[in-house]
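Take a moment with the fold before reading on. We will go from the whole chain to single strands.

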Amino acid sequence: MSKTKQGTSRRQFLVKSGLGTIGVLAVGTYLFRNPIRRTIAEKLDSGESFYMGDTSSPIIWFEITTNNNIILHSPKVEMGQGTFTGLAQLAADELEVSMEQMKVVHASSISGNMDSFATGGSTSISSLWIPLRELAATMREMILNEAALKMGFSTSDLHVKDGVVSVAGNKMTYAQAAENVTEWKIPDTPILKNVKDFRYIGKPVARVDLKDKVYGAPIFGMDAQLPNMAYGAVVRSSTIGSKYIDADISKAENMPGVIKIVKEHDFVGVVAKSLIEAENAKNAIQVQWSKERNWQTADIEEMIVVGKGEPFVIQKEGDAEDILEDEKDVIISQYKSPIGAHAQLEPNGALAFVETNNATIIMSTQVVKLSRDEIAKRLDLDEDKVNIVPTFLGGGFGRRLHTPNAIQAAVMSKAVGRPVKCFFTRKEEFQNDTFRPPTHHVLKAKLSEEGMIEALEHNVSSGDVAFGSPMVPSIAAPILGADLGAWRGGMIQYRGIPNYRTVSWRVTLPFATSWWRSLGLLANTFAIESFMDELAVRLKKNPVEFRLAHIQDDTKGFRLKEVIKAVVKKSGYKDEVNNGRAMGFAASTDANTPCAQVVEVSIEDKKIKVHKVTCAMDPGISVNPDQVRAQCEGAIIMGMSAAMFEKMEVENGALTPIIYGPYQMALMKNAPKEIEVVLLQNDDKPGAVGEPPLGPIGAAIANAVFRLTGQRLRNMPLQLNNHF
């Protein structure tokens, strides 16, 4: 099928106009930025998202095969979250084809089908809920128009099922209707299906990528191969803040298998005939680094302290600051979280083939467009001459929201004129991660005589998450002030409290910190929900009823109350110890998706044992309930791992540990025997799924441990005191 000219649809125009208005508003009111910052922060906290790619033509999205199947070229990457299956369900329903006819592949950058936002933020399904269905419905009408012409009937006479058009006893497949069509006419967007008419949306459909993964098909970045491929290895610093100055390559350049040593202004790398030969030569290169300071963990901990750095009020209601200024009868608690690594299974890397006037990069990435633009700039090529071919990801979690390592592979390929495959080693992946920043939280509250919260304040100190990322414009920092990733989940959701505020203390750390699944949600919720539990205990109130009494009676509050009630009912929550086990409760709202959890724990061999987790979540419409439940299960396990085990240290300027094992993570034996998920639907569209379930788990575990032991665990990873 030929491609139509790309234009600006009405939907795109409205989106672009809306962004422009926000930009002008922010700049024009810069002098009054504190109220504006809070308004923007509230908007960002809602998690509302829209698709930031081309929706002007279905042609770049869909391909009809000769055997009457549909290939969807997805601008969203599949990293295990089930996006391909959910998108296939959206498309199949409006295209009027069966799921068996749907195949989903990653859209390469040369196709023009790219999302400027990338894949992240739990937005893949929600942002495409309307656009993809409109594209599929439009594609269906385009095919029906062609079928009507060939069959000699009006489109209103045609009936379609499973990609077969029928009328008056005659049948024609979509493939036959599309055959020999060189110019497609794009009609006005048809009316979309009513919810009651969905055939696949809302149903538990098998994953479309299941077979390849079960049979171990070579679908990941590390599996990529090209003819005449060589192997690359880059010398990377093992210490914080080191910058490349120069390198002595005399010993390495004559080693076995070496094709070329590539020296650039910012790195030195080896291209060799085999991976082991590339690594051996790399280890023989003597690099001169500049080093600014011999950092230690204590240095980092001294930086991440509420009161240091620059404060920004991101949420304010009433007079919490004035009420809490007099510390008489003010309850104050502190919580901390450590540096965290992504620790995803597949290290970063790319296979690059740079020819005279074009480049092909096969890689695991969450940022197709950003990778293309950066490589084009470095190679001095037009952007349309660089083709990023995304692969399945062996874990993303935000680690692949910037992949500059692909630039190094491309530069080395250009230097030798053949494909070069270059990946991080496991140690290099740990050392050069973009880490989850450590945090420090100070919470203050004053209680009324009636046993309610009169004023509540959350102060959070953190390194950056979003700021400094190439995904976020540099102008965002001076406009917003507080890092939107660091305070995610940090706003107070109990808006029935008359006076509350949230203050973000921004700290710039000496090592790279960036996106980590759920951003600041896990740490912020751990602090807030542990503190809410403290207050309930102090007042001798049921912690669930105490929270419900402080939730505002609006739409957001209603949804939060409903998940809380649902999880309590399903888990049989009781605020007591029973046969050596106790339950802990916590709740959070992330990206407009409320989630509540109850955990059941015991203490075995002086260690915390989680037996069961009950989770209630309201993501709106669950496009595939099985996948939503799987996402909840995965997020809970990941959150448990981070809350109970994971921690990076800084020793003599180096981040450590740098291999699995010493970097402790949850193992199979640590997983709860049962995870039960209850899904509610109190919204008429899909919401965020992949990250919200990480929020409550750390606090829920800590709150359960308090009931068992009387110990209030204030630091992650959660560890019992030695005297227990």
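How many helices and strands does the protein have? There are 19 helices and 27 strands. Both kinds of element are DSSP runs, numbered from the N terminus: helices are H or I with at least four residues, strands are E with at least two. This is a predicted model, in which local features need pLDDT of at least 70 and side-chain atom pairs count only at pLDDT 80 or more, while totals for chains, interfaces and linings use all residues. Residues are numbered from 1 along each chain as its sequence is written, and side-chain values use heavy atoms, leaving out hydrogens and water.

Start with the overall build. Along its principal axes, the C-alpha trace spans about 80 × 75 × 55 Å. Buried residues make up 58% of the 724; buried means under 20% relative accessible area with a 1.4 Å probe, protein chains only. Among contacts (heavy atoms within 4.5 Å) with a separation of 6 or more, 78% join residues 24 or more positions apart.

Now turn to an open sheet. Its three strands follow the order β1-β2-β3, with mixed pairing. Strands pair if DSSP finds at least two bridges between them. β1 (62–64) and β3 (102–106) are the edges; each has a single partner strand, so one side of each lacks a neighbour in the sheet. Neighbouring strands are turned by 25° against each other on average, direction ignored. β2 (residues 70–74) runs parallel to β3, joined by five bridges. Here L72 stands opposite V104.

Helix α5 (residues 131–151) lies across β1 and β2, at about 35° to β1. Axes are lines fitted to C-alpha atoms, for helices over the stretch in contact, and angles run from 0 to 180 degrees between N-to-C directions.

Finally, find β17 (residues 420–423). Which of its faces are covered? Both are: V420 and C422 on one side, K421 and F423 on the other, are all buried. In a regular strand, side chains alternate between the two faces of the sheet. β7 (residues 230–234) pairs with β17 in the parallel sense over three bridges, and G232 stands opposite C422. β14 (residues 349–354) pairs with β17 in the antiparallel sense over four bridges, with L351 opposite K421.

Definitions and conventions:
Buried < 20%, exposed > 50% of the residue type's maximum accessible area, 1.4 Å probe, protein only.
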